[in-house]
Amino acid sequence: MQQHNLTITAKHQPVVLERLLQVTRYRGFNVVGMTMFPVSELEQLTIELSVVSDKSVDNLKNQLLKIIDIEQIKVEDQALQKFMA
Amino acid sequence: MTGAELTLQILQQHGVDSVFGYPGGAIMPLYDAIYDSPIKHFLCRHEQGAAFAAVGYARASKKVGVCLATSGPGATNLITGLADAMSDSVPVVAITGQVPTVAMGSDAFQEVDIIGLSLAVTKHCVQVTNVEDIPTAIEEAISIALSGRMGPVLIDIPKDIQVAETQVGGKGPMNGNGPTAVDCHHDLAIEQAKTLISQAKKPVLYVGGGVGMADAVSELREFSQLSKIPSVSTLKGLGTVAADDEYYLGMLGMHGTKAANYAVQQCDLLIAVGARFDDRVTGKLKEFASNAKVIHFDIDQAEVNKRRLVDVALLGDLKVNLPATAVTTDIAPWQQYCRRMIIDFAWQYDHPGEKIFAPALLNKLSQLMPDTTVVTTDVGQHQMWTAQHMAFAQPENFLSSGGQGAMGFGLPAAIGAQVSRPNDTVIAVSGDGSFMMNVQELATLKRYGIPVKIVLIDNARLGMVRQWQQIFFEERYSETDLSDNPDFVMLAQAFDIKGQVITTKQQVDAALKEMLAHDGPYLLQVRIDELDNVWPLVPPNAANEAMLESVK
Ligand SMILES: Cc1ncc(C[n+]2csc(CCOP(=O)(O)OP(=O)(O)O)c2C)c(N)n1
């Protein structure tokens, strides 16, 4: 099991949070921490999500990026920091 | 103009001329507007039928399919159709009525949280909260459904928003109906792919449904004509490679041909094009093409490295990436080996006795039907026999529920296909189990005189499940005996549909010809032996070369 921290930028739409959590669970990741706050006058959200799984976090990232209202995802592993798309 | 009128106007501006649905309280304003609209509405007799009809319409025509349902049970009845569209990447827009905004969240009559329910079975879903948002919601839904990897989108519209008056209009069609795809082909990956292809000694082209959906059938055919790489197809890819292509080995996977499965297991380079390494294709994943390098062409980044790590990924539009990587090869011994397998393992249609051999009947039907025919199937043995023994000129001519394997798909999908292609023959090959799952759609055939031909392969069993019980569950035939089926010909007659039942080989030719020549819907019930099985069969969790060819 490895923990990954994802920083997600999303449009502030009503369904985006549920979709994010649904895909995360379905793809086999457990949420162990989450913070969110609106940015740019409520039009965008930043969501910090900590997940654990033995699955590939790249695959999760690619699935999450398919959510229409998610704009960007940055993934950090516990040890090293990787910046992606 | 009301929100309901605006909804129809925007749909119309985007080229939608036919929709499938079922009315009810929360969507009555929209139905009231349909009363005066030039959009043709087809009343299906169950919302699941409407959703599958929209799928059939979309897949046969490559346009967006639209279905409508009321709130609560109407909306929940769409779910299976949406799941099918999600798994098979079909551009469908579902519009559901919702209880009025003031009642929402109060457990109102026929209120269901369809947004919550549809999350897992749609590419995107929105609830409209303001009448002014209708144009954008619909335009975005159509564009999302048709772009990138296509898929279903649901729009939930509360009743008060359907009746609200507004001055806004639509912006008009954006980029029309048709698959659009982001192009991101990378020079380095292209060069790497070309190198791998030209160095391979035993390459195989693994063709999936994505090729047809990307409108890249001719690019794929040119690629394979130039490279002369032997090819195999998934269920959804059938019709992409020409059936008479010299080096086409047939369908691979659980019920694939011996030639296709052996070739893939032995190949040193697997070129996956618009395919996703589904478990029905790969069998035991670890042993699937285990000596092969992999090149993966896809539109969906999330499919790359999902089930199989690849050596080169080519993301983006196949229409661009296939021509960019097409090279000649020098693989004569491998080509000859594959040719040998194609000949040695060709299907045999001789069969002892009087009883009808479904593979031979379907193969005959395939020869008799026009090239432009659309064939849909339900799910089970008849589906696999259709995939094995019929040939399709284009992938949009063969519609089957692939990813979900949803029984009940065949008849309503054929209705949708026939509505989108009124001048082509449409045949639904069904099983006696599956047929009963959306049998109410016979009323839709009757109501609109839709001339779908139904070939009902009747083994008086849930055949595919029975086959598994025979092989893997010690012949314990739990709940798969359907010998108390209704009289299907009489049932068809009740809907003014002509039909006949055949039981012997000598009847086959004449019956198929009569059905094809009949001007209107027709039901041909074909009685077969209840113990007939689909071969080959790769047992669950076995490698694809471990095909069974008889009950041991
Ligand atoms: C909605 C749904 N329920 C159950 C199944 C499981 N299932 C797969 S094939 C099959 C039997 C289908 O019987 P029939 O339609 O008569 O076709 P046959 O296999 O006999 O050709 C069943 C029950 C399914 N695929 N879809």
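Predicted model: local features only at pLDDT ≥ 70, side-chain atom pairs only at ≥ 80, totals over all residues.
Local features are described at pLDDT of at least 70 and side-chain atom pairs at pLDDT 80 or more, while totals for chains, interfaces and linings use all residues; side-chain values use heavy atoms, with hydrogens and water left out. Residues are numbered from 1 along each chain as its sequence is written, and chains are lettered from A in the order in which they are written.

Let's start with chain B. Its domain assignment lists domain 1 (3–163), domain 2 (187–344) and domain 3 (358–527); such bounds come from an automatic or database domain assignment. Find domain 2 and domain 3 of chain B, whose C-alpha centres are 30 Å apart. Where they touch, domain 2 of chain B brings 13 residues and domain 3 of chain B brings 15 residues, with contact meaning heavy atoms within 4.5 Å. Together the two domains bury about 1,100 Å², and carbon and sulfur atoms give 68% of that. Buried area here is the accessible area (1.4 Å probe) that two parts lose on being put together, summed over both. On the side of domain 2 of chain B, L235(B), L238(B) and H255(B) supply 49% of the area buried against domain 3 of chain B, more than any other three residues.

Now look inside. In soluble globular proteins, nonpolar side chains tend to be buried together. The largest nonpolar core in this model has 82 residues, and L270(B), I295(B) and L361(B) have the most contacts inside it. A nonpolar core is a set of buried Ala, Val, Leu, Ile, Met, Phe, Trp, Tyr and Cys residues joined through side-chain atoms within 4.5 Å; buried means under 20% relative accessible area, exposed over 50%, and partly exposed in between (1.4 Å probe, protein chains only). Because domain 2 and domain 3 of chain B both give residues to this core, it lies between them. A second, separate core has 55 residues, among them C44(B), A58(B), A85(B) and F488(B).

Next come the charged pairs. Side chains of opposite charge can pair when their charged atoms come close. Over all chains the count is 21 salt bridges. One of them joins D279(B) and R280(B), with the closest N and O atoms 3.3 Å apart. D279(B) is partly exposed at 42% relative accessibility, and R280(B) is partly exposed at 46%. Another links K355(B) to D529(B), at 2.7 Å from N to O.

Finally, turn to the meeting of the two chains. Chain A gives 11 residues to the contact and chain B gives 17 residues. The chains bury about 1,100 Å² between them, with 52% of it on carbon and sulfur atoms. R19(A), N62(A) and I68(A) supply 44% of the area that chain A buries against chain B, more than any other three residues. The rule finds 1 salt bridge across this interface. K66(A) pairs with D300(B) in a salt bridge, their closest N and O atoms being 2.6 Å apart.

Methods:
Salt bridge = Lys/Arg side-chain N within 4 Å of Asp/Glu carboxyl O.
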